[in-house]
Amino acid sequence: MKNFLTALAALLLMAAGPENTTIYTGGTIITMDGDTPEVVEAVAIKNGKIAAIGNEQTVKSKSGRAAMVVDLKGRTMLPGFIDAHGHVSGYGQAADLAQLSPPPLGTVDSMPALQAKLRAYLANPKLPAGAPVIGFGYDDSQLIEKRHPTRVDLDAVSADRPILITHASGHLAVMNSAMLKLAKITANSPNPDGGIIRRGTDGRTPNGVLEENAFFNIASLFAP
């Protein structure tokens with residue numbers, strides 16, 4: 001993008017040679033360091049590492065006369081970022097699902113708020129008749145009740161429309177009774193390897209919460 005210069009600036013550094021110092025200036029340089037990232041006039045890069053930051057005069061004095069100067073021409077420069085564990089595509093796929101995230105991303109901070117979101121989603125005329133209701137992003141630790149929803153909580157939204165909601169971590173899900181039936185999960189269903197079907201007070205009846213492979217093994221059946 002015209003107004004932003006990110007880690008691609010490193011290409012200019014490579015072109016200048018690994019032993020040279022390159023100074024970037026003439027734009028907004030955001031360090032992204034700490035809770036209040038500093039904005040500086042210039043940054044010097046040497047051997048692939050930041051050698052100096054600060055005002056242009058100071059950075060140039062520390063870098064020597066042989067340093068190559070790159071004029072950002074008013075553009076913004078940020079550090080390069082490496083996301084080692086991201087799920088960008090997953091967020092895209094979840095865009096059309098019922099959004100159950102807690103603040104500040106969403107508004108679901110209690111069981112009634114979660115149920116209200118699901119009811120509003122269920123009432124959307126664009127939702128195909130009979131289609132399962134899929135929600136994304138609830139976080140038990142951020143709910144006032146400090147617990148996971150159960151099939152009982154979801155049955156209160158709809159007892160006959162299949163409902164499945166996934167935890168913010170992506171490692172748990174909750175189903176209502178209709179969805180459990182659709183997934184063929186019953187009191188006689190054993191825990192799969194690497195997964196847990198949480199049970200009710202009788203120790204047998206699924207309470208709707210599925211952990212890890214108990215959810216992963218059937219997730220493809222309900223993929224949007």
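**Exercise 1.** In this predicted model, find what joins the side chains of Glu211 and Arg198, and state which strands hold the two residues.

Solution. 
- Step 1: Glu211 and Arg198 form a salt bridge, with an N to O distance of 2.6 Å. This is within the 4 Å cut-off for a salt bridge.
- Step 2: The relative accessibility of Glu211 is 18%. Because buried means under 20%, Glu211 is classed as buried.
- Step 3: Arg198 has a relative accessible area of 28% and is partly exposed.

**Exercise 2.** Determine how Lys60 and Glu56 are placed in helix H2, and classify each by accessibility.

Solution. 
- Step 1: A salt bridge links Lys60 to Glu56, and their closest N and O atoms are 2.7 Å apart.
- Step 2: Both residues are in helix H2 (residues 56-63). They are four residues apart there, so about one helical turn separates them.
- Step 3: Lys60 is partly exposed at 34% relative accessible area, and Glu56 is partly exposed at 28%.

**Exercise 3.** Decide whether Arg147 and Asp153 are each buried, partly exposed or exposed.

Solution. 
- Step 1: The side chains of Arg147 and Asp153 meet in a salt bridge, at 2.9 Å from N to O.
- Step 2: Arg147 has a relative accessible area of 34%, and is partly exposed.
- Step 3: Asp153 has a relative accessible area of 11%, and is buried.

**Exercise 4.** How many salt bridges does a search of the whole structure find?

Solution. The search finds three.

How values were computed. Residues numbered from 1 in each chain as written. Predicted model: local features only at pLDDT ≥ 70, side-chain atom pairs only at ≥ 80, totals over all residues. Heavy atoms only, no water. Buried < 20%, exposed > 50% of the residue type's maximum accessible area, 1.4 Å probe, protein only.
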